[in-house]
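Subject: Structure handover

Hello,

Here is the structure we discussed, with the sequence. My notes on the metal site and one of the strands follow below it.

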Amino acid sequence: MTYIVKPKFHHPDLPKNALGYTHRDYEGSISTLCAGCGHDSISGAIIEACFELDIEPHRVAKLSGIGCSSKTPTYFLGNSHGFNSVHGRMPSVLTGANLANRDLIYLGVSGDGDSASIGLGQFAHALRRGVNMTYIVENNGVYGLTKGQFSATADRGSKSKRGLANTDNAIDLAAMALQLGATFVARSFSGDKAQLVPLIKAAIEHQGAAFIDVISPCVAFNNHTGSTKSFDYVREHNEAVNRLDFISVRTPIIVDYEPGTVEVVEQHDGSKLALKKIAADYDAHDRLGAMSFLQQHAAKGQVVTGLLYVDKEPEDLHGNFNTVGVPLNALGEKDLCPGAAVLERINASLR
Ligand SMILES: Cc1ncc(C[n+]2csc(CCOP(=O)(O)OP(=O)(O)O)c2C)c(N)n1
Ligand code: SF4
Ligand SMILES: [Mg+2]
């Protein structure tokens, strides 16, 4: 545990983004996680993505549950809104906040224990409702914070630090997200910043439920031989389906991939995703195809990473509810309380 406060001073020559902010403006407190924990690399990727997207930190709301992964929002975006909720309950708190103020960028950070065990129902309903958010699971296959018990994402047959084999079947959260109707589904590896940063940027700009499952090795309890969530295992079994470039509306569009192997996907806000197919038969717009691709590779012990699925025309909860464009928390009494005559009309229509 460190109690050292991060110094505010930074070198005057640090690179600045279009808002004049440096990376330091997107950082948080000094991490208290174990040295080498994959979760710290994901925090670094979130900082990089927000810096590159020129996001004003006060426009972000970061929410989490309980666990080492859920502690990480303290270590990034120190100038953003934050809510560290109860174990497994981040999705419902995020949904409520999003309904009250649709103008913020919602970033949900969770663990495999937080989302696949106690919070599985919450995970499922937030995705099926299409809450506009970037939902990141920092997936290490164990309950890191409570000292390394198998989580529900641990593969059957994988070994604990003490050599015990897991006898339960694993939940694949990316496969579930596809089945539940998430409009952006990806998987990445904490050790692959080149893949993870553009995925986070694209997920933030995506106007719907975006889910990223990030394999993030726990160096204290799940990084040994026999684990399928260790650095060595994921490096050896990583099967990337595409290489991704994210091109924001503000940057000039330069795509230098070979013609025929690249697909440029335009999102609602005009930002673009350039997908270079590595697996030639992979189609990132085919939900069913993505589901069977995941299953086929999981059966061979391969970890499929990259953008698995994106819907070019996502729908979100506000669209489905037909809510007003003004955030609900900004409406005045006149709008919120339209009077007895309107209430009478509504009651009459229900009789
Ligand atoms: C209601 C409740 N039940 C159990 C716990 C104990 N607990 C704290 S963190 C945790 C699991 C964390 O695992 P995960 O979400 O995978 O995060 P990690 O630490 O691995 O990043 C558990 C079971 C709790 N804090 N609250
Ligand atoms: S116990 Fe595991 S998950 Fe928690 S900080 Fe240490 S390495 Fe990371
Ligand atoms: Mg975990």
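A donor here is an N, O or S atom within 2.8 Å of the metal, and water is not among the atoms, so a site may look incomplete. Please also keep in mind that this is a predicted model.

Metal site

By that definition, the magnesium ion (ligand 3) is coordinated by D112 through OD, N140 through OD1 and V142 through O, at 2.1 to 2.2 Å. The spacing of these donor residues in sequence is D-x27-N-x1-V. D112 and V142 lie 30 residues apart and link distant parts of the chain: D112 belongs to helix α4 (residues 112-118), and V142 to strand β5 (residues 142-143). D112 and V142 are both buried.

Strand β1

Strand β1 covers residues 60-64, and five of its five residues are buried. V60, K62 and S64 point one way from the strand, while A61 and L63 point the other way.

Which strands does β1 pair with? One partner is β3 (residues 105-111), in the parallel sense and over five bridges. Within that pairing, A61 stands opposite Y106. Another partner is β2 (residues 81-84), which runs parallel to β1 and is joined to it by four bridges.

Regards

Technical notes:
Residues numbered from 1 in each chain as written. Chains lettered and ligands numbered in written order. Predicted model: local features only at pLDDT ≥ 70, side-chain atom pairs only at ≥ 80, totals over all residues. Heavy atoms only, no water. Buried < 20%, exposed > 50% of the residue type's maximum accessible area, 1.4 Å probe, protein only. Helix = DSSP H or I, 4+ residues; strand = E, 2+ residues; numbered from the N terminus. Pairing = 2+ DSSP bridges. Donors = N, O, S within 2.8 Å, 3.2 Å for Na, K, Ca; no water.
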